[in-house]
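Subject: Structure for you, with notes

Hello,

Here is the structure I promised to pass on. My notes on what was found in it follow below.

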Amino acid sequence: MNHKQVATEVLAAVGGKENVISVIHCVTRLRFKLKDEAIPKKEEVEKIDGVISVIVKGGQYQVVIGNQVENVFKEVIKLIGDQTEAEETENKKKEKIFDQFTSMISGIFSPLLGILAGTGTLKGILAICTTSGILTDKMGTYVVLYSIANVLFYFFPIFLGASAAKYFKMNQYLGMAIGGAMVYPTIIATAGSGTGITFLGLPMNLLDYTSSVFPVIVSVLLASKLEKGLNKIMPQSLKFILTSLLLLVIMVPLTFFVVGPVLTFASGLLSKATFAIYNFNPVLGGIVLGGPWILIVMFGLHWTFIPIFINNMATNGFDATLGLLTANQFAMAGATIAIALKSREEKEKSLAWSTGSICLFGVSEPTLYGLLLPLKKPLIISIIGGSIGGAIAGIFKTKLYAFGGSGLLQIPLAINPSGIDSGFYGLIASAAVGFVVGFILTFIFGYSKNKEKTA
């Protein structure tokens, strides 16, 4: 793929840099915010060599590229340069509240997903090593590798502080400083001891904010408003020192007094609500979520769930909902490989083999938009396979203990730190059933060798 050419053609097709307010990317998509979404023609953009599909959702014009998206993104940035804050602010005012929320979540979490998946997968590998007896938690090798695997999650407020600050257009280092104060060793030790402290004579109830998600995001949001206000009233000669000083001495105590406790309480309620729904009937949950999750991802609505998944792991040490979603990845892979075996068209066969293979390792969007959606029946079959597999995961009450990769990379994440349990075998059974259902039904009913699109 010629990344520069794809970037040039995509940018021209969406109306040129004059029509772009901002652009970010996730694992497979360029996510544009456009001044006028009526300018680009979806069919024309999708005809560009290297573009898989186009989705307009959540206030974003999303161009699906696949696993080459980062390289294309870099070329797009070279072409458009910096976008003005005023333009983006004006655009946000026009967005619906839900669109603003999904844009915020994707903007904050997208830069962290790669390292989150990498460190989470390493946790899964370490779980395999300790379960099999290759390593113990007393060995130096384990200690070093575990520190790598846990660094992002433990210091999440610092990483999220930086990412949120960038999204909210404030000094990133101030965002990191707010997050860093929340996980400062003395603060954590005091919170763990249960002894109260006072600040300016007022009692302060310190909490352990390691691995927390929502408190730092809200704190940085408020800090961004405060920073703008301070910069408006502060003499230019004093901004360099006093803006940072005042912002930190106001926001960090405010976080410890109000924002942190309130959001921590809300996070606990959110986690309890999630598990209450799951525990009501995990099998039904597997059916309702397991397959249709494909559609949720397709429309870009999965971003609203990511903070919930991470929050559940921070609050409880695991997440149950994610275990219901593994099968749909394998169902899509099975359906795509069936297409690869039946297709007589060389280009389609090659596309099916390549996208089906990477789908097994967690990258599903190329196969979803490149094959399953255009062919329709394999997509429906994948949803069926995902729901059947999700039901099996629900029967075994499968849980994930780290947030990492998908597909095959997700299997180690289901290993309970206390040892392999039935949930781990449930995940494997769920994945296997999803793949088999997707493959067999597509091979028999879902695809015609004559290259006729099935309706």
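Two strands count as paired here if DSSP finds at least two bridges between them. With that in hand, a hairpin joins strand 1 to strand 2 through three residues. Please keep in mind throughout that this is a predicted model.

The chain as a whole

There are 19 helices and six strands in the chain. A compact globule of 455 residues would have a radius of gyration near 23 Å, and the chain has 24 Å, so the two agree. The C-alpha trace spans about 80 × 55 × 40 Å along its principal axes. Of the 455 residues, 51% are buried. Counting contacts between residues at least 6 apart in sequence, 73% join residues at least 24 apart.

The accessible surface is about 20,700 Å², and carbon and sulfur atoms account for 66% of that. On the charge side, the chain carries 36 positive and 27 negative side chains, with the centres of the two sets 3 Å apart.

Strand 2 covers residues 29–34, and six of its six residues are buried. In a regular strand the side chains alternate between the two faces of the sheet. Here Arg-29, Arg-31 and Lys-33 point one way, while Leu-30, Phe-32 and Leu-34 point the other way. Both sets are buried, the Arg and Lys residues included.

Strand 2 has a partner in strand 1 (residues 20–25); the two run antiparallel and are joined by five bridges. Within that pairing, Ser-22 stands opposite Lys-33. Strand 2 also pairs with strand 4 (residues 60–64), again in the antiparallel sense, over four bridges. There, Arg-29 has Val-64 of strand 4 as its bridge partner.

Helix 17

Which residues does Tyr-369 touch, leaving out those up to four places away in sequence? They are Arg-29, Ile-52, Ser-53, Ile-55, Val-64, Val-297, Met-298 and Pro-374. Two of these, Arg-29 and Val-64, are the bridge partners mentioned above. Tyr-369 itself sits in helix 17 (residues 365–375). Its relative accessibility is 3%, and because buried means under 20%, Tyr-369 counts as buried. The C-alpha atoms of Tyr-369 and Gly-66 are separated by 9.7 Å, although these residues are 303 apart along the chain.

Thr-367 is also found in helix 17. Thr-367 is buried, with a relative accessible area of 0%. Apart from neighbours within four places in sequence, Thr-367 is in contact with Met-332, Thr-336, Thr-355, Cys-359 and Leu-372. Its C-alpha atom is 18 Å from that of His-25, a residue 342 places away along the chain.

Helix 14

Helix 14 (residues 306–316) is mostly covered, with eight of its eleven residues buried. The buried ones are Ile-306, Pro-307, Ile-308, Phe-309, Ile-310, Asn-311, Asn-312 and Met-313. Just after helix 14 comes Gly-317, with a positive phi of about 90 degrees.

Positive phi outside glycine

Two loop residues are worth a look in the viewer. Leu-200 is not a glycine, yet it has a positive phi of about 55 degrees. Leu-200 lies in the loop between strand 5 (197–199) and strand 6 (202–204). Is Leu-200 buried or exposed? Its relative accessibility is 76%, and because exposed means over 50%, Leu-200 counts as exposed.

The other is Lys-397, a residue other than glycine with a positive phi near 55 degrees. Lys-397 is found in the loop between helix 18 (377–395) and helix 19 (422–446). With a relative accessible area of 46%, Lys-397 is partly exposed.

Regards

Definitions and conventions. Residues are numbered from 1 along each chain as its sequence is written. This is a predicted model: local features need pLDDT of at least 70, side-chain atom pairs count only at pLDDT 80 or more; totals for chains, interfaces and linings use all residues. Side-chain values use heavy atoms; hydrogens and water are left out. The radius of gyration is taken over C-alpha atoms; the globule rule is 2.2 Å times the number of residues to the power 0.38. Buried means under 20% relative accessible area, exposed over 50%, partly exposed in between (1.4 Å probe, protein chains only). Contact means heavy atoms within 4.5 Å. Accessible areas come from the Shrake-Rupley method with a 1.4 Å probe; for residues, only the protein chains shown count as cover. Lys and Arg count as positive and Asp and Glu as negative; His and the chain ends are not counted. The place of a charge is taken as NZ of Lys, CZ of Arg, CG of Asp or CD of Glu.
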